[in-house]
Amino acid sequence: MKYIIGFMGFLAALGLASTSVNCAVKSGYFVTPHKNLMAAPPGIIDFGFIKPGKTETQMVRIYRNQQAAVGKLRIKTSAPWIKIRESPKRSNKKLKVYKITLKPPVGIGKVWEKIRFHGIRKNDYLLVPIRMDVLPEVNVWPHRVLLMPGQTDYHLWIRPTLTKRVRLAAYQSQSDHGVKFTSVRQVSAADGRSLLKVRVAPVGIGFISATLILRFKGVAEPAKVFFVGIGH
Amino acid sequence: MFKAIRNRFSWRSYPVLLSVLLVVSYARAAEPAKLTPSQLVMLARAAKERYWSIIYSFTINTYRVVKVGDRRKRVLQSKCRQFWRWTPWRVYCHSIDTFQSTAALGAMKNDRFLSFDGTATTSMVITAHANQSWSQGWVQCQINHGNLIHVSLINTIWENWLWMEVTNANSKVIWDSKVHQYVLEQVLDADSKTPLRYRTWIDPNRGFAVTRNESSSGGKVFLDYRFGHWHEVKKGLWLPFSFSYGDPGVIENKCRIRRVVEINKAIPPSDFAVKIPNGTPVYNDVTNHLYHKGKQP
């Protein structure tokens, strides 16, 4: 009986071993970011915060823990704004170094993308997730406002690039020619747009101008709107 | 003191005093604010951003000026009907040209048109009276990344004339008291024999719109744009319903807005898509490739 149990144990161990061998084969290739760059959590290439439209690069190493050479890999990604190319200077038979260049489009937020390295084994691939947070931006339209005589209320249209809505955190004005902003409030328009209602009390005679600096929660860069007119 | 004044000015002089005061206050009110060239340009550019969408149609008649004896005669060269949808972000123009002579058609043949790069769309259909075999239904599309100039009505009125360096020492602002408008005058190559002079009339009572632009070299006008028939289409929003441009005495273009469909109302992005019929030759400038719609390689 004990021989039978022992044999079954042997079979189970063999099974486990074979599974682990399979895993080892599958994970025989390792993809890590370049040593100087951030890699958290392991296996994920984290680009951190990227400004929309800005180009970021990362070096990625692919190596085997066994002595076999890394073959020719075919790389596939669904995002057209991810460019990957091999760095021949840094690559050798054991190690492949790839340069990943990202230029995420304006209008995307938290992004998880995947790169597939084909050719690891037949019908197999290595999936490398890429994570990044693209910083939101806010455009305010119009950029330049013509102050009309008698008019005190002006509407500015807020157009965030990532989220549907942003909140006004603070505003500040710079005026050389006596334009006073008495209130700046965020309101919702009937068509769902987010607007800023700006109340201006223009004073002085002749050319007047002011810059309204608007800061929004979670947005790094402030939006600037230039007010200009002729005082009466 | 009051007694002295009362004695000095009797009640009979009050109407005279009142009228003097009225005239002085009117003159004071009519006196324009003094502006520098850069301030005037700032005001005109800010005025442009009050327009954020417009749908309109207009016609352009192009005339060639010919000399018949001592007299000058205008000969109709081409007619054009245009339909525009415009926002600061996207442009759609549909243009139908009808030529009256083969010569005009030949001149146009090498100059056929442009356009879409995802942000701006222009389509052109040419119907030729002079040469029936040519160009019926032709649409040529050329993709120019970043090079497309949106020559819409709004840009024509507000922006096109303000590209010049206003910090130039030779630029100045003059008040034209005849028409009550500012004139931005800029002189380039002031030291040369034929200095280039650009004069732009900007009307503060019509939202700082450009009402006239004149370009001259050595005193001879070679380009003259004039905008007329102004209407306030919405409160504070002015549009000229006619304008003319050209080289005076050589070519004259007369434009007239037929209909303003919408102004400052949202236009869905799908309205800017150009509809090209199958089989139309399309030239892609990026890939330097000519193909036929529906048979793309």
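Rings of Phe, Tyr and Trp (its six-membered ring) are taken to pair if their centres lie within 6.5 Å; planes under 30 degrees apart count as stacked, over 60 as edge-to-face and the rest as tilted. The legends below describe a predicted model, in which local features need pLDDT of at least 70 and side-chain atom pairs count only at pLDDT 80 or more, while totals for chains, interfaces and linings use all residues; side-chain values use heavy atoms, with hydrogens and water left out. Residues are numbered from 1 along each chain as its sequence is written, and chains are lettered from A and ligands numbered from 1 in the order in which they are written.

**Figure 1. An aromatic cluster in chain B.**
One cluster is formed by the aromatic residues B:Tyr56, B:Phe58, B:Tyr225, B:Phe227, B:Phe243 and B:Tyr245. Over all chains, the structure holds ten aromatic pairs. In one of them, B:Tyr225 and B:Tyr245 are stacked, at 4.9 Å centre to centre and with 10° between the planes. B:Tyr225 belongs to strand β9 (residues 220-234) of chain B and B:Tyr245 to strand β10 (residues 237-247) of chain B, so this pair ties together parts that are 20 residues apart in sequence. The rings of B:Phe227 and B:Phe243 form a tilted pair, because their centres are 5.3 Å apart and their planes stand at 35°. B:Phe227 lies in strand β9 of chain B and B:Phe243 in strand β10 of chain B, so the pair connects parts that are 16 residues apart in sequence. Helices (H or I, at least four residues) and strands (E, at least two) are DSSP runs, numbered from the N terminus. Buried means under 20% relative accessible area, exposed over 50%, and partly exposed in between (1.4 Å probe, protein chains only). B:Phe227 is buried at 7%, as is B:Phe243 at 8% relative accessibility. B:Tyr225 counts as buried at 15%, whereas B:Tyr245 is partly exposed at 23%.

A salt bridge is a side-chain nitrogen of Lys or Arg within 4 Å of a carboxyl oxygen of Asp or Glu. By this rule, there are nine salt bridges over all chains. In the one shown, A:Arg144 is paired with B:Glu49, and the closest N and O atoms are 2.9 Å apart. The pair crosses between chains, with A:Arg144 in strand β10 (residues 144-147) of chain A and B:Glu49 in the loop between α3 (37-48) and β1 (54-68) of chain B. A:Arg144 is partly exposed at 28% relative accessibility, while B:Glu49 is buried at 7%.

**Figure 2. Salt bridges within chain B.**
B:Glu252 and B:Arg74 form a salt bridge in which the closest N and O atoms are 3.6 Å apart. This pair links distant parts of the chain, 178 residues apart: B:Glu252 is in strand β11 (residues 251-263) of chain B and B:Arg74 in strand β2 (residues 71-86) of chain B. Both partners count as partly exposed, B:Glu252 at 22% relative accessibility and B:Arg74 at 43%. A further salt bridge joins the side chains of B:Glu214 and B:Arg199 (3.3 Å, N to O). B:Glu214 lies in strand β8 (residues 209-217) of chain B and B:Arg199 in strand β7 (residues 196-203) of chain B, so the pair ties together parts that are 15 residues apart in sequence. B:Glu214 is buried, with 7% relative accessibility. A network of salt bridges links B:Arg199, B:Arg212, B:Glu214, B:Asp224 and B:Arg226.

Most residues other than glycine have a negative phi, and most peptide bonds are trans. A:Trp141 and A:Pro142 are joined by a cis peptide bond, with omega about 0°. A:Pro142 is located in the loop between β9 (138-141) and β10 of chain A. B:His180, although not a glycine, has a positive phi of about 55°. The position of B:His180 is in the loop between β5 (172-176) and β6 (181-188) of chain B, where B:His180 is partly exposed at 40% relative accessible area. B:Phe208 is not a glycine either, and has a positive phi of about 55°. B:Phe208 is found in the loop between β7 and β8 of chain B and is buried at 6% relative accessibility.
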